[in-house]
Amino acid sequence: MPKFLIVEDEANIRRQWRGLLESENHSCQEAEDIFETLEVLIKNQNDPEDFDLIILDHHLGSETGLDAIEAIEQKVGKGYCQYRVVVITGHSNRNLATEYVKLGSIGHLLKPVSPAQFWVTIEAALERRYIYIEQREDWEKAYEVLENLGILESVDKLRQVNVEVNEQYEILRATYEKLLEELEKSKGNEQEIGEAYRRAAISLNKSPGSIDSILPFIQPFQYKEAFWKDIENLFQSDRLGFYILQTYLKRIADNPKSLPIKLIAGTDNYYEYRVGSAFRLYYRKDGNVISLERFGHKKLQEKIIKYLREN
């Protein structure tokens with residue numbers, strides 16, 4: 001589920017927006033001013049689950065949402081607010097709205113905010129973030145796996161299928177390069193960008209390939225049968241996610257101590273790791289040994305965590 005930061009100086013309004021979001025099981029945190037906003041964001045940098053959207057009121061006492069964005073860009077990271085902010089103002093002002101758009105705002109609401117207006121704007125903002133940011137990042141992560149192809153030669157099981165595996169990766173390369181061409185031609189048109197990503201994903205899912213290409217990437221770990229079944233399902237349904245996982249597994253193997261992991265409450269040494277924008281890897285740590293337990297879309301998060309607690 002998406003994660004939200006609500007920045008509003010009036011506590012009753014924060015409670016109202018939080019109530020709407022939590023009624024749909026979304027995760028929320030609050031801040032009443034710029035100081036608290038920076039405190040929350042800096043602390044959240046150690047959390048694998050980043051904020052998907054910041055719901056930002058323009059009026060923050062003696063300061064403004066514009067001041068907040070400037071402070072965030074300075075203290076948290078340049079570009080952090082890009083395609084992440086939904087601004088809420090008390091009056092209609094086209095010039096003000098334009099200022100926020102230039103700073104990365106992807107939604108604008110006018111007070112008083114009705115629940116219907118709230119949800120239309122939030123859902124549209126999440127969709128725009130997905131189109132402009134998350135899909136781009138996912139394809140970039142999937143493409144990174146091409147840099148690690150040299151490890152294929154070290155796995156005996158793959159020698160007999162290396163031709164097929166290499167053809168599979170060449171398809172990934174060609175699909176990604178064609179996608180970049182189409183995105184360039186779209187010239188920022190939102191509908192055309194969305195269509196380009198959709199066509200690329202369909203093309204990749206229909207391409208030939210072998211699930212064995214993941215073997216070198218799981219070689220450093222132990223893994224459970226349930227994890228392998230998850231991978232089989234992923235290979236059939238979402239090839240892009242299959243390649244993204246390979247890149248992240250290589251990162252984990254190279255430097256496991258740097259993982260932005262989250263201990264799953266109510267379990268013994270089970271951890272959750274965010275993989276791309278949509279997937280979660282679940283594993284168990286016993287000393288230096290990592291056992292891959294499950295892998296799935298974030299929509300399956302509650303179901304998978306329930307499984308881990310019961311097994």
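How many bridges join strand E1 to strand E2, and do these strands run parallel or antiparallel? In this predicted model, E1 (residues 3–7) and E2 (residues 27–31) run parallel and are joined by five bridges. One of the pairings involves Ile6, whose bridge partner in E2 is Glu30. Helix H1, residues 11–22, belongs with these two strands: E1, H1 and E2 make a right-handed β-α-β unit.

The next feature is the largest pocket, with a volume of about 1200 Å³. Its lining comprises 47 residues, of which Met1, Ser277, Ala278, His297 and Lys298 are the closest to the centre. Several elements give two or more residues to this lining: the helices are H5 (115–144), H8 (190–206), H11 (239–254) and H12 (301–310), and the strands are E9 (262–263) and E11 (279–286). H5 gives the most, with 10 residues. By residue class, the lining of the largest pocket divides into 19 charged, 17 nonpolar and 11 polar residues.

Strand E11 also holds Arg280. Is this residue buried or exposed? Arg280 has a relative accessibility of 2%, so it counts as buried, the limit being under 20%. Beyond its neighbours within four places in sequence, Arg280 is in contact with Glu49, with the residues Glu272, Tyr273, Arg274 and Val275, and with Arg294, Phe295, Gly296, Lys298 and Gln301. Lys298, one of these contacts of Arg280, is also among the residues closest to the centre of the largest pocket.

Note on methods
Residues numbered from 1 in each chain as written. Predicted model: local features only at pLDDT ≥ 70, side-chain atom pairs only at ≥ 80, totals over all residues. Heavy atoms only, no water. 1 Å grid on protein atoms, 1.4 Å probe; cavity = no way out; pocket = protein on both sides within 12 Å on 5 of 7 lines; lining within 4 Å. Points joined across faces, edges and corners; volume = space filled by probe spheres on them. Helix = DSSP H or I, 4+ residues; strand = E, 2+ residues; numbered from the N terminus. Nonpolar A, V, L, I, M, F, W, Y, C, P; charged D, E, K, R; others polar. Buried < 20%, exposed > 50% of the residue type's maximum accessible area, 1.4 Å probe, protein only. Contact = heavy atoms within 4.5 Å. Pairing = 2+ DSSP bridges. Right-handed = clockwise from strand over helix to strand, strands pointing away.
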